[in-house]
Amino acid sequence: MIFTCTVCQTRSAKTMSRQTYEKGVVIVRCGGCKNLHLIADRLGWFGEPGSVEDFLQQKGIEVRKGSEESYEFTMEDLAGWSSQNEDKGA
C-alpha cells in the first residue's frame, strides 16, 4: 500500500500479507516521524473491527485500490498528487 502520513506528510509504501490484512491486525511505522498507523484491525483490539478502507470511508475520504495482478502505479500515485492538488498549485 502507498499512503501519506497525516502527521508529517511523508509518503510511504508498505507491504503486508493478505491473510494478516484480512484476518488480523496490521500496524505500520512512518519512516518520517516514526508514528504508528493502524491499517487493519479485524480482531477489534483498537475499537470497531475494520480496515483502513473502512476507517477512511467513514471519514468520507476516497481510497484508490489497484489490482493484485498489475501493481502498477502512476507518478501521481507515488507522489500523492491528484487533480485537486494540481488545481491548488501543489
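**A helix pair, a sheet and a core**

Reader: How many residues apart are Arg18 and Glu22 in helix H1?

Author: They are four residues apart in helix H1, which spans residues 18-23, so about one helical turn separates Arg18 from Glu22. Please keep in mind that this is a predicted model.

Reader: And what do Arg18 and Glu22 form, and at what distance between the closest N and O atoms?

Author: Arg18 and Glu22 form a salt bridge in which the closest N and O atoms are 3.1 Å apart. Arg18 is partly exposed, with a relative accessible area of 48%, and Glu22 is also partly exposed, at 41%.

Reader: How many salt bridges does the count come to?

Author: The count comes to two salt bridges. Besides Arg18 with Glu22, the side chains of Asp54 and Arg42 meet in a salt bridge, at 4.0 Å from N to O. This pair links distant parts of the chain, since Asp54 sits in helix H2 (residues 52-58) and Arg42 in the loop between S4 and S5, 12 residues apart.

Reader: Switching to the sheet, what order do the strands have?

Author: The sheet is open and has three strands in the order S3-S4-S5, paired antiparallel.

Reader: How many bridges join S3 to S4?

Author: Five bridges join these two antiparallel strands, and Val25 stands opposite Asp41 in S4.

Reader: Which residues make up the largest nonpolar core?

Author: That core has seven residues, namely Phe3, Tyr21, Val26, Val28, Ile39, Ala40 and Val52. S3 and strand S4 (36-41) each supply at least two residues of the core.

Reader: Is His37 buried or exposed?

Author: His37, which is found in strand S4, counts as buried because its relative accessibility is 12%, below the 20% cut-off for buried residues. Leaving aside residues up to four places away in sequence, His37 touches Phe3, Cys5, Thr6, Val26, Ile27, Val28 and Cys30. With that same exclusion, Phe3 touches Val28 and His37, among others.

Key:
Residues numbered from 1 in each chain as written. Predicted model: local features only at pLDDT ≥ 70, side-chain atom pairs only at ≥ 80, totals over all residues. Heavy atoms only, no water. Core = buried A, V, L, I, M, F, W, Y, C linked by side-chain atoms within 4.5 Å. Buried < 20%, exposed > 50% of the residue type's maximum accessible area, 1.4 Å probe, protein only. Contact = heavy atoms within 4.5 Å. Pairing = 2+ DSSP bridges.
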